[in-house]
Amino acid sequence: MHVRRSAEEIAANRQRYEEHQKKGLEFAPKALPTPSPLPAPAIEPTAIIHREMIPGGWYWSTRLNRGEALRIEQQDGASTVALIAWNANDTSERLNLVDTVKVQWTTALGKGRVIFSDMGRVMFSMIEDSCGAHDCLMGGSTAASNAAKYPGAKTRNTRDNFILAAGKIGLDRRDIPGVLNLFAPVHIDDAGGFRWQGKMSNSGDYAEMRAEIDMLICLSTCPHPLDPNSVYAPAPVSVTRFRAAAPAADDLSRTATAEAARGFENNAMMQA
């Protein structure tokens with residue numbers, strides 16, 4: 001049954017949320033780090049495990065072991081990269097963006113933030129990020145959204161790409177979690193609507209994600225549903241899998257919030 005809430009009840013709920021948010025943010029760092037430098041610095045050759053150029057509109061999957069990292073880089077023009085992930089040892093554990101946003105009190109994901117699983121563990125630490133323009137709310141493109149946006153054009157979409165990728169590792173469409181869109185400058189306006197801010201993401205931007213558990217990951221390089229370009233012309237994206245430096249005791253991802261610290265405690269307990 002649909003329950004209609006009064007304006008007073010909505011205001012009271014918002015006030016309670018803002019009070020909890022204020023308490024949660026008291027544990028956040030006094031100043032977030034500045035964006036990672038451009039151009040992206042070279043990765044030590046001996047640390048590189050694999051390099052790949054993913055064509056625009058295509059998909060790619062790989063295993064990413066704990067302590068390894070993935071650099072995702074826009075080398076040939078701005079292009080959104082959709083990402084999903086599962087625990088490599090138990091694929092019932094998967095990326096959970098709702099918890100990622102909720103426990104860190106923000107939809108702004110960038111350097112120093114972490115990405116949670118649906119079991120309260122940290123899957124990724126974002127160790128580098130040059131733009132901070134990442135979307136964890138909208139999801140990826142579908143056949144229907146592409147048909148409406150590019151009438152008559154032959155296109156690929158993120159949803160179908162992920163179904164194909166999941167099938168190749170023994171999973172199906174029911175196993176696909178919510179989508180993290182990297183290099184997608186989506187802004188929420190005062191009315192709660194989604195808006196695209198293209199100036200926040202540019203060719204040359206990159207992000208580095210360090211694996212905190214063994215994972216299977218999939219990427220898709222189809223345009224974001226809000227991308228204003230009316231022509232379907234996704235750019236290729238460079239990915240580099242490499243051995244990351246061991247995190248220091250004061251690693252920002254481990255210390256930025258009390259919730260992140262608890263997530264790493266869960267990692268340690270379940271890996272013991």
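Begin by selecting Arg174, which counts as exposed because its relative accessibility is 69% (exposed means over 50% relative accessible area, buried under 20% and partly exposed in between, with a 1.4 Å probe and protein chains only). Its salt-bridge partner is Asp172, with 3.0 Å between the closest N and O atoms, and Asp172 itself is partly exposed at 29%; a salt bridge here is a side-chain nitrogen of Lys or Arg within 4 Å of a carboxyl oxygen of Asp or Glu.

Before moving on, note that this is a predicted model, in which local features need pLDDT of at least 70 and side-chain atom pairs count only at pLDDT 80 or more, while totals for chains, interfaces and linings use all residues. Residues are numbered from 1 along each chain as its sequence is written, and side-chain values use heavy atoms, without hydrogens and water.

Select Asp189 and Arg195 next, a salt bridge whose closest N and O atoms are 3.2 Å apart, with Arg195 partly exposed at 46% relative accessibility.

For the last stop, display Arg71 with Tyr206: the charged end of Arg71 sits over the ring of Tyr206, 5.1 Å from the ring centre, where the criterion is NZ of Lys or CZ of Arg within 6 Å of the ring centre and within 35 degrees of the ring normal.
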